Amino acid sequence: MATPITLFISACLLIWNHVNKNWKLERFGSAAFVVGFGSVYLGVYYKLIFGNYQYGATLGIKFWNVPLMIGVNWFITIYSIGSVLPSRLPLSLFVLIAGGMAVALDWLMEPVAIAYDFWSWQNGEIPFSNYIGWFGVSVFLFLLFKRADLGGRNKFAFWFLIVESLFFVVLNAASRF
């Protein structure tokens with residue numbers, strides 16, 4: 001039940017460790033929240049983008065049956081991955097690699113999220129459309145990330161991604177025993 005608090009603190013730490021704090025970060029963060037929340041809203045109500053699913057109680061307070069923390073989670077995911085990739089990569093390569101990393105993170109997250117009632121899928125099966133949706137929404141948000149030109153690196157983002165990935169790897173492994 002500490003998940004919403006953990007997501008909020010993670011977002012705060014990422015923002016705090018951002019090198020060039022300015023309106024660009026606020027604008028990108030708001031856009032990531034709105035796009036992430038909006039895409040999930042379309043999924044929950046219209047079965048668009050990701051597939052047929054619903055949220056459990058673990059992610060906290062909901063608005064229109066969508067946890068508010070899901071927008072924060074989209075910001076965290078996009079910002080942290082975008083911050084660790086070399087900015088000198090050509091745009092097309094940047095968004096393809098970053099989108100693939102976001103899908104890989106979702107792939108790690110899915111079994112844990114289902115087991116801990118973050119969300120559940122119709123018939124208990126994760127549809128392939130979920131991963132296609134994750135890739136599409138992520139690529140769009142990574143384009144916004146690059147366009148925002150936030151400047152500077154965030155050293156905390158690298159360690160955050162390592163810890164988050166290990167967290168889901170360990171929980172996945174533990175669930176097999």
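Leu48 counts as partly exposed because its relative accessibility is 43%, where buried means under 20% relative accessible area, exposed over 50% and partly exposed in between (1.4 Å probe, protein chains only). This is a predicted model, in which local features need pLDDT of at least 70, side-chain atom pairs count only at pLDDT 80 or more, and totals for chains, interfaces and linings use all residues. Residues are numbered from 1 along each chain as its sequence is written, and side-chain values use heavy atoms, with hydrogens and water left out.

**Overall build**
- The protein chain has six helices and four strands, which are DSSP runs (helices: H or I, at least four residues; strands: E, at least two) numbered from the N terminus.
- From the N terminus on, their order is α-α-β-β-β-α-α-β-α-α.
- Of the 177 residues in the protein chain, 44% count as buried.
- The C-alpha trace spans about 45 × 35 × 30 Å along its principal axes.

**Leu48**
- Leu48 lies in the loop between H2 and strand E1 (53-55).

- Trp74 touches residues including Val40, Phe50 and Trp134 (heavy atoms within 4.5 Å), not counting residues up to four places away in sequence.
- In soluble globular proteins, nonpolar side chains tend to be buried together.
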